[in-house]
Amino acid sequence: MNFLEISRQAFVVAFYLYCLSFIFYVVAVTGKTWRNRDPKKHERKWGIISFATSSLGLLSHLVYCITRWAYSGHIPVSNMYEFMTFLSMMVMIAFTVVFLIYRKILLGMFALPIAIIIMAYAAVFPQDVQPLIPSLRSIWLYIHVTLAATGESFFAVGFAAGLMYLLRTIDFDATDKFSRRQKRWVEFTLFSIIIVVGFIVSVFAFRTAGYEAVFTQNTTKIDSQVEQDSKIEQEVYKLPPIVAPHDSHAESIQPFLGMDKPLFEAPSWMKGASAGRKFNTVVWALVSGVILYALLRLAVRRPLSKLLAPTVKGIDPDDLDEISYRAIAIGFPIFTLGALVFAMIWAQQAWGRFWGWDPKEVWALITWLFYSAYLHLRLSRGFQGRKASWLAVLGFLVVMFTLVGVNLIIAGLHSYAGTD
């Protein structure tokens with residue numbers, strides 16, 4: 001039995017079932033106004049279909065995890081593809097738990113896209129099974145990574161409920177200064193999501209086209225005896241090179257829209273050919289996100305937040321506020337154990353120190369401090385409603401920067417979990 005092939009097929013099946021479930025949730029929420037004599041019956045029927053489909057997707061996702069684990073001999077969280085896929089599975093588990101408690105069908109319309117986007121982002125990375133590097137061969141890999149992902153998945157559900165609360169309570173027809181500022185920040189949140197979607201679309205488009213550009217860079221290393229050791233680094237770009245590695249030479253570039261050379265080089269402080277490629281990736285994410293956002297705005301002829309706002313009008317905002325808080329309250333202690341306590345124990349075993357100010361460690365601490373502040377303000381200062389929802393939204397943006405941005409922008413000991 002080829003467990004690896006089964007896991008790959010299960011991944012694809014889970015992805016398409018999630019997409020189908022999202023469509024069913026949209027029909028359940030928006031279709032009840034399409035000349036239905038009994039809107040509640042329509043919503044209940046399609047809600048059952050939607051949840052059943054997402055549950056089948058989750059079952060297929062679990063098959064992916066189990067079969068890949070059986071093939072590799074270790075839990076599939078050792079690289080960026082595996083971790084992001086595992087995180088999307090945990091988001092679906094967290095959504096399922098919260099849904100079974102509160103029975104809010106509309107939550108699926110906002111939570112499912114998070115899992116879908118994370119799965120699509122995971123597919124950007126190489127999917128080969130690789131042996132664990134020495135520092136990952138530990139029982140703490142299972143404990144640290146799985147608990148951290150579980151905590152972050154509940155933060156994702158809290159984000160979805162918080163965003164829904166803002167869409168429900170902000171008056172998008174108001175023209176006063178405060179309302180305009182609120183609307184701009186909600187729109188920026190949606191724009192941030194569109195950037196990730198645009199990047200995924202561009203990566204798959206150029207991958208399908210077989211695009212490739214190759215750069216070489218001479219590097220010089222000076223050892224303790226002041227002897228120079230030169231070596232040549234080669235970097236392969238899968239996206240057109242808007243940014244070339246610093247002080248590099250183009251071996252081959254496939255022209256794109258008349259562009260047969262990079263527009264500029266990475267700055268000198270971005271050492272190494274991979275730094276230039278990562279910078280190029282960030283630029284492409286911004287460019288593709290802006291283009292996709294502009295196309296969507298032209299298509300709907302209004303802000304995306306204003307387009308989504310009517311879908312949440314029939315739900316009690318207090319319920320959304322409660323869901324967001326409960327999800328974060330569940331996720332926080334799990335994240336604390338996984339991302340901090342057990343992570344430091346593993347760091348001591350792997351690197352001989354509990355804390356080393358590695359970028360991933362620092363941003364994990366920032367995430368923990370942020371959600372600590374959220375819970376403190378919520379419990380002791382009465383931060384509820386819109387204030388709490390903004391913190392829930394901002395907190396998950398911090399989480400996503402920790403998971404995605406740090407790997408793309410900053411090098412550190414956790415680089416093994418980054419891009420290949």
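Where is the place of R103 in the chain? The points below take up that residue and several other features of the structure, which is a predicted model.

1. R103 sits in the loop between α3 (80-102) and α4. Its phi is near 55°, a positive value, and R103 is a residue other than glycine. Most residues other than glycine have a negative phi. With 57% relative accessibility, R103 counts as exposed.

2. R301 also has a positive phi, of about 60°, although it is not a glycine. The residue belongs to the loop between α7 (273-300) and α8 (304-308). The relative accessible area of R301 is 74%, so this residue is exposed.

3. As for the overall make-up, the protein chain has eleven helices and five strands. Of its 420 residues, 51% count as buried. Among contacts in the chain with a separation of 6 or more, 76% are accounted for by residues 24 or more positions apart.

4. Helix α4 (residues 106-122) and α5 have axes that come within 9 Å and cross at roughly 125°. That angle makes α4 oblique to α5. The crossing in which α4 passes α5 is right-handed. On the α4 side the contact is made by L106, L107, F110, A111 and I114, and on the α5 side by A156, V157, F159, A160, A161, M164 and L167. By type, the residues of this contact of α4 with α5 are twelve nonpolar, no polar and no charged.

5. Helix α5 (residues 139-169) also packs against helix α6 (residues 177-209), where the two axes come within 11 Å and cross at roughly 140°. Here α5 is therefore oblique to α6. In this case α5 passes α6 in a left-handed crossing. From α5, the residues F159, L163, L166 and L167 meet V186, T189, L190 and I193 of α6. The contact of α5 with α6 divides into seven nonpolar residues, one polar and no charged. Two residues of α5, F159 and L167, take part in the contact with α6 and also in the contact with α4.

6. The crossing of α9 past α10 is left-handed. On the α9 side the contact is made by D321, S324, Y325, I328, A329, F332, F335, T336, A339, L340, A347 and W351, while α10 supplies E361, A364, L365, T367, W368, Y371, S372, Y374, L375, R378 and L379. In the contact of α9 with α10 there are 16 nonpolar, four polar and three charged residues.

7. V362 is a residue of helix α10. V362 is partly exposed, with a relative accessible area of 22%. Not counting residues up to four places away in sequence, V362 touches W355 and W357. The C-alpha atoms of V362 and T402 are 9.1 Å apart in space, and the two residues are 40 apart in sequence.

8. F51 lies in helix α2 (residues 39-72). Is F51 buried or exposed? Its relative accessibility is 17%, so F51 counts as buried. Leaving aside neighbours within four places in sequence, F51 is in contact with Y25, T96, F99 and L100. F51 and I105 are 54 residues apart along the chain, with 8.4 Å between their C-alpha atoms.

9. How many disulfides does the structure hold? The number is zero. A disulfide is a covalent bond between the sulfur atoms of two cysteines. As for individual cysteines, C19 is partly exposed, with a relative accessible area of 22%. C65 has 7% relative accessibility and counts as buried.

Terms used:
Residues are numbered from 1 along each chain as its sequence is written. This is a predicted model: local features need pLDDT of at least 70, side-chain atom pairs count only at pLDDT 80 or more; totals for chains, interfaces and linings use all residues. Side-chain values use heavy atoms; hydrogens and water are left out. Axes are lines fitted to C-alpha atoms, for helices over the stretch in contact, and angles run from 0 to 180 degrees between N-to-C directions. Helices (H or I, at least four residues) and strands (E, at least two) are DSSP runs, numbered from the N terminus. Angles under 35 degrees count as roughly parallel, over 145 as roughly antiparallel, 65 to 115 as roughly perpendicular and the rest as oblique. A crossing is left-handed if the near helix is turned anticlockwise from the far one by less than a right angle, and right-handed if clockwise. Contact means heavy atoms within 4.5 Å. Ala, Val, Leu, Ile, Met, Phe, Trp, Tyr, Cys and Pro count as nonpolar, Asp, Glu, Lys and Arg as charged, and the others, Gly among them, as polar. A disulfide is a pair of cysteine sulfur atoms within 2.5 Å. Buried means under 20% relative accessible area, exposed over 50%, partly exposed in between (1.4 Å probe, protein chains only).
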